[in-house]
Amino acid sequence: MTDQVLNILKFVLLGMLYVFFARVLWAVWSEVRTPRGRPIGTAARQPQPAQRQAAAQTAAASATTPTGRPAPDRGRRPPKGKRGKVARLVVLEPRQRRGLTIALSGEITLGRDPNCGIPIEDDSYVSQLHLRFYDYEGQPMVEDLGSTNGTFLNGNKLRGAKLLHPGDRVQVGTNVIEAQ
């Protein structure tokens, strides 16, 4: 082979190597791209004890497992919202909680604390009192309560309180919840 052919092959190999590394970096970036900083300007607000008790009673109204978590109620699901309003929350991820349906009424908190309306004890990315779903003048809202790792609404970091629409997805750690 001539020197020209060898030089061309070296450049082709070098180009393929750059494409390979770019693809690896893109794959890693797409898996790790969710930021994990503390939300700016949001203070952790603790719900009042009466609100905690009401949320716990709402969750206790549905069946619970021996660990205290609400069991998936596949027979009697809360009805879907009508006229573009959210009436229930459905867990999509992780697999062991998939299908868990929670009626959206009053205030429901989510966190590792066993007193939360939706206790998630096995996810280290979830704070003790991570977020709350509540009703504000007939509109369902979601609010991050100053969690360390943040809450994501439709892939965007949640800052403050936001209105929930049907089809919105809330991600807390490895848990994904859809509003219906």
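**A walk through the predicted model**

Six of them make an open sheet in the order E2-E1-E11-E10-E7-E8, with antiparallel pairing. The edges are formed by strand E2 (101–103) and strand E8 (156–157), each of which pairs on one side only. Strand E7, residues 152–153, runs antiparallel to E8 and is joined to it by two bridges, and here Phe152 stands opposite Lys157 in E8.

Strand E1, residues 88–93, contains Arg88, which is buried and yet has no salt bridge, since a salt bridge needs a side-chain nitrogen within 4 Å of a carboxyl oxygen, whereas the nearest side chain of opposite charge, that of Glu178, is 7.6 Å away. What the side chain of Arg88 does make is a polar contact with the side chain of Gln180, at 2.7 Å.

Elsewhere charged side chains do meet, and the structure holds five salt bridges. One of them joins Glu93 and Arg98, with 3.2 Å from N to O. Glu93 counts as partly exposed because its relative accessibility is 35%, and Arg98, at 38%, counts as partly exposed as well.

Another salt bridge brings the side chains of Asp122 and Arg97 together at 2.4 Å, N to O. This pair links distant parts of the chain, 25 residues apart, for Asp122 sits in the loop between strand E4 (118–119) and strand E5 (131–136), while Arg97 sits in the loop between E1 and E2. The two partners fall into separate classes: Asp122 is partly exposed, at 44% relative accessibility, but Arg97, at 8%, counts as buried.

A further salt bridge is formed by the side chains of Glu143 and Arg132, at 2.8 Å from N to O. Glu143 lies in strand E6 (residues 139–144) and Arg132 in strand E5, so the pair ties together parts that are 11 residues apart in sequence.

Notes
Residues numbered from 1 in each chain as written. Predicted model: local features only at pLDDT ≥ 70, side-chain atom pairs only at ≥ 80, totals over all residues. Heavy atoms only, no water. Pairing = 2+ DSSP bridges. Buried < 20%, exposed > 50% of the residue type's maximum accessible area, 1.4 Å probe, protein only. Lys, Arg positive; Asp, Glu negative; His and termini not counted. Polar contact = N/O pair within 3.5 Å; in protein donor to acceptor, adjacent residues only side chain to side chain.
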